[in-house]
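Subject: Structure for your review

Dear colleague,

Please find below the structure that I am handing over to you. My findings follow it, and I would be grateful if you read them with the model open beside you.

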Amino acid sequence: MYTHQKDIITAGVPIADAKKAIIFIHGRGASAADILSLNDHLQIDDAALFAPQATHHSWYPYSFLAPVMENQPALDSALALLKNMVAELKNAGIPQEKIYFVGFSQGACLALEYITRNAGKYGGAVAFTGGLIGKELNMQNYKGDFKKTPVLITTGDPDPHVPVSRVEVSEGIMKKMNANVTVKIYPSRLHTISKTEIELAKKLVF
């Protein structure tokens, strides 16, 4: 099994001049450069952008619905990497409420899992096709107050990787923790990010 090395691509405004930061998290089989190119469409021009690269192009080996133990130690390593990134951004002068997350598919699941395990006020999070991770969700992991952090979760129905039922359960948990969650389900949409979702992310989160 594998752990993740620190391998981060940056773009956008230099951190020293930035008022906010966005962490982009790629999907399985993709790359940091792929997900960073999403900003060509989001067009956020006043932020420092960061995209970590997963070892073997995958944050954890099996489905996000597999028992958590089967995805270890890769999953804990991925969560630790995000935790370190957030700590470094804060040290660089970016407050947590100005840190945003954008993830697709496996990266969307990881983004939601990270912020829900470390709930607090963030700038916002966009999970393009994702849900909380694990065959059974361990409620002990999810504590804290999102203080109305805006969260957008989108998915297709049906989606080959992310069932709508898990999106709805994730929404419920996060709302209980005081997140301002919007869920958008697109009938028979392919496993991709559509222009409509990008426009919605711009409106609701950015």
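Which residues does Phe-50 touch, not counting residues up to four places away in sequence? Please bear in mind throughout that this is a predicted model. The contacts of Phe-50 are Ile-8, Ile-9, Thr-10, Ile-15, Ala-21, Ile-22, Ile-23, Phe-24, Met-85 and Leu-89. Phe-50 itself lies in strand β3. Its relative accessible area is 14%, so Phe-50 is buried, the cut-off being under 20%. As a guide to distances, the C-alpha atom of Phe-50 is separated by 31 Å from that of Pro-187, a residue 137 places away along the chain.

The sheet

Strand β3 belongs to an open sheet of seven strands, arranged in the order β1-β3-β2-β4-β5-β6-β7 with mixed pairing. At the edges stand β1 (8-12) and β7 (180-187), each of which pairs on one side only. From one strand to the next, the twist averages 15°.

Helix α4 (residues 106-117) touches β2, β4, β5 (124-128) and β6 (150-157), and its direction makes about 145° with that of β4. Helix α6 (residues 195-204) touches β5, β6 and β7, and its direction makes about 165° with that of β6.

The salt bridges

How many salt bridges does the structure hold? There are eight, and three of them are described here.

In one of them, the side chains of Glu-88 and Lys-6 meet at 2.9 Å, N to O. This pair links distant parts of the chain, since Glu-88 sits in helix α3 (residues 74-91) and Lys-6 in the segment before β1, 82 residues apart. Glu-88 counts as partly exposed because its relative accessibility is 40%. Lys-6 has a relative accessibility of 56% and therefore counts as exposed, for which the cut-off is over 50%.

Another joins Lys-20 and Asp-46, whose closest N and O atoms are 3.5 Å apart. Here too distant parts of the chain are linked: Lys-20 is in strand β2, and Asp-46 is in the loop between α2 (39-42) and β3 (47-52), 26 residues apart. Lys-20 is buried, with a relative accessible area of 12%, whereas Asp-46, at 39%, is partly exposed.

Is each partner in the bridge between Arg-189 and Glu-197 buried or exposed? Their side chains meet at 2.8 Å, N to O. Arg-189 counts as buried because its relative accessibility is 11%, and Glu-197 is buried as well, with a relative accessible area of 0%. Salt bridges that share partners also bring in Asp-159, so that Asp-159, Arg-189 and Glu-197 form one network.

The database record

Finally, an unreviewed UniProt entry lists residues 16-203 as "domain: Phospholipase/carboxylesterase/thioesterase".

With kind regards

Terms used: Residues are numbered from 1 along each chain as its sequence is written. This is a predicted model: local features need pLDDT of at least 70, side-chain atom pairs count only at pLDDT 80 or more; totals for chains, interfaces and linings use all residues. Side-chain values use heavy atoms; hydrogens and water are left out. UniProt positions are given in the numbering used here, feature names are shortened, and annotations may be inferred rather than shown by experiment. Two strands pair if DSSP finds at least two bridges between them. Helices (H or I, at least four residues) and strands (E, at least two) are DSSP runs, numbered from the N terminus. Axes are lines fitted to C-alpha atoms, for helices over the stretch in contact, and angles run from 0 to 180 degrees between N-to-C directions. Contact means heavy atoms within 4.5 Å. A salt bridge is a side-chain nitrogen of Lys or Arg within 4 Å of a carboxyl oxygen of Asp or Glu. Buried means under 20% relative accessible area, exposed over 50%, partly exposed in between (1.4 Å probe, protein chains only).
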